[in-house]
Amino acid sequence: MDKAQNNGTNNNGRRAFLKGTVPVMATAIIPGIASASNADKGSEPSFPGLIIREKEPVNFEFPFPMLSEAITPNNQFFIRTHFPIPKLQAKEWKMTIGGHVNKEITLTYDELRALPAKKVMATLECAGNGRANLAPKVKGLLWEQGAVGNAEWTGVPLAVLLEKAGIKEGAVEIILEGADKGEVSEEPKSPGAIHFARSLPLTKAMQAEVILAYQMNGKDLSPEHGYPVRAIIPGWYGMASVKWLTKITAVDKPFDGYWQTLEYAYWKRTDDQPTLTAVTEVQVKAEIARPALSEVVPAGKTYRVHGAAWCGENEVAKVEVSLDEGVTWQPAKLLGKHVKFAWRLWEYNWQVPAGENQYKLMSRATDSQGNTQPMEHDKDRRTYMVNKIVTVKIEAR
Ligand SMILES: Nc1nc2c(c(=O)[nH]1)N[C@H]1C(S)=C(S)[C@@H](COP(=O)(O)O)O[C@H]1N2
Ligand SMILES: [Mo]
């Protein structure tokens, strides 16, 4: 497909209706190419098909209509960076755990790898995924459907390391800081050069699923995904999973850094008083992979509508599909088994009526707590946590 730069406004009819059942983009992908470093290739995708949202720093989107397996191949996994990728080497890498602890510790890469490893399956979604569907057009990278992916991560529970350092009484949060650094020159501007950093409440930091990962789908992390070590915070939007992790600090007061006050923060209302609050847990969402926007499906035949659905700490309870823009809803089939923190693939076999026609498809997920997707985006969320139901216009012929 064409290397579209910020091309996604409203998903509306920019791309002409395509003849045949396979969207053009699908033909360009060669799955299973060995993961190569995008960073080393002047930020060109290492295989055809990733959508470039920005070249410097690198921001690439997974072409969601390519979804086929529950695990996203490493070389198709979306990349979200704010600054140039830091050049780190495992043999020189060191991480400090300090602040409100009994004894500050420094850990080398070999020491981390020598600790008992744990594998966690987790879906990462960028908090700005779907932003291209907001109208009027908003600022920020216009991600469409594919700033999301699912992988199996290998690493060491953060709790194990925090216990080694010994968390002091009164610590409330853990700050995770990356080695990447830069100045944000657009509004909201940063106060000079800053690192990428996010905090977790101690309660989440101590959860068994929170790991410091060094592998993704069984391969050592590539530079763009956080080599040599990154955090994985399952159930939370991607910004919490700090890459190129080099510093961990326990603090006795809530952290108010740039990346959770000016960016990745939303207006939370308590007694109608809006307060800027850090974006954390993932909102329930189902996305349609196929048919793709503007795809032509064969009339009078069965078509497999399929996609993925995910949420934060809960379980996806159901996915429904509408073929008439939300007037009626049909249950889709959830595939495979529920894996906590991982997306669930789903399908719906659609008997496409005979005759040429246009259709407006929608999907909607509901989680085990009864949370479901809204029709409209809540403005208090600013340009994050976009899980409103989207319309996929297609044609049958
Ligand atoms: N150090 C650092 N960590 C980071 C970021 C970053 O810019 N710097 N981006 C975050 C955001 S916003 C997301 S969505 C995820 C994306 O992870 P990925 O690039 O491996 O898909 O990384 C997060 N971790
Ligand atoms: Mo993100």
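## Getting started

Two strands count as paired if DSSP finds at least two bridges between them. Strands (E, at least two residues) and helices (H or I, at least four) are themselves DSSP runs, numbered from the N terminus.

What you're looking at is a predicted model, where local features need pLDDT of at least 70, side-chain atom pairs count only at pLDDT 80 or more, and totals for chains, interfaces and linings use all residues. Residues are numbered from 1 along each chain as its sequence is written, chains are lettered from A and ligands numbered from 1 in the order in which they are written, and side-chain values use heavy atoms, with hydrogens and water left out.

## Strand β8 and its partners

Let's begin with β8 (173-183). In β9, Ile175 of the model has Ser199 as its bridge partner. The strands β8 and β9 (residues 193-201) run antiparallel and are joined by 8 bridges. Ile175 also has a bridge partner in β13, namely Thr249. The pairing of β8 with β13 (residues 245-251) is antiparallel too, over 6 bridges.

How many of the 11 residues of β8 are buried? The count is 8, so the rest of the structure largely encloses this strand. (Buried means under 20% relative accessible area, exposed over 50%, and partly exposed in between, with a 1.4 Å probe and protein chains only.)

## Around the ligand

Now for ligand 1. It has 19 residues around it, and the closest are Phe78, His82, Asp180, His225 and Lys243. (A residue is near a molecule or strand if one of its heavy atoms lies within 4 Å of it.) Sorted by class, this shell holds 9 nonpolar, 6 polar and 4 charged residues. Here Ala, Val, Leu, Ile, Met, Phe, Trp, Tyr, Cys and Pro count as nonpolar, Asp, Glu, Lys and Arg as charged, and the others, Gly among them, as polar. Strands β3 (79-80) and β8 each give at least two residues to the shell.

Which polar contacts does the ligand have? (That term means a pair of N or O atoms within 3.5 Å; within protein, one must be able to donate a hydrogen and the other to accept it, and residues adjacent in sequence count only if both atoms are side-chain atoms.) A polar side-chain atom of His82 sits 2.7 Å from an oxygen atom of ligand 1. Arg80 has a backbone N or O atom 2.9 Å from an oxygen atom of the ligand. With Ser241, a polar backbone atom is 3.0 Å from a nitrogen atom of ligand 1. On its own, ligand 1 has 530 Å² of accessible area, and the protein covers 100% of that. (Such areas come from the Shrake-Rupley method with a 1.4 Å probe; for residues, only the protein chains shown count as cover.)

For β17, pairing with β24 (residues 392-396) is parallel, over 2 bridges. Val296 stands opposite Glu395 in β24.

There's also a hairpin to find. Its strands, β14 (residues 265-270) and β15 (residues 273-278), pair in the antiparallel sense over 6 bridges. Trp267 stands opposite Leu276 in β15. The hairpin has 2 residues between the strands, and Asp271 takes a positive phi near 50 degrees there.

## One helix, one buried face

Helix α3 (residues 158-165) has Leu158, Ala159, Leu161, Leu162 and Ala165 as its buried residues. Looking down the axis, you'd see them fall within an arc of 160 degrees, so they line one face of the helix. (The arc is that of the directions from the helix axis to the C-beta atoms.) Just after α3, Gly166 has a positive phi of about 80 degrees.

## Loops worth a look

Two cis peptide bonds deserve a stop. One joins Glu187 and Pro188, with omega about -10 degrees, and Pro188 is in the loop between β8 and β9. Another joins Tyr227 and Pro228, with omega about 5 degrees.

Trp244 isn't a glycine, yet its phi is positive, near 50 degrees. Trp244 is in the loop between β12 and β13 and counts as buried at 2% relative accessibility. Tyr264, also not a glycine, has a positive phi of about 55 degrees. Its place is the loop between β13 and β14, and Tyr264 is buried at 3% relative accessibility.
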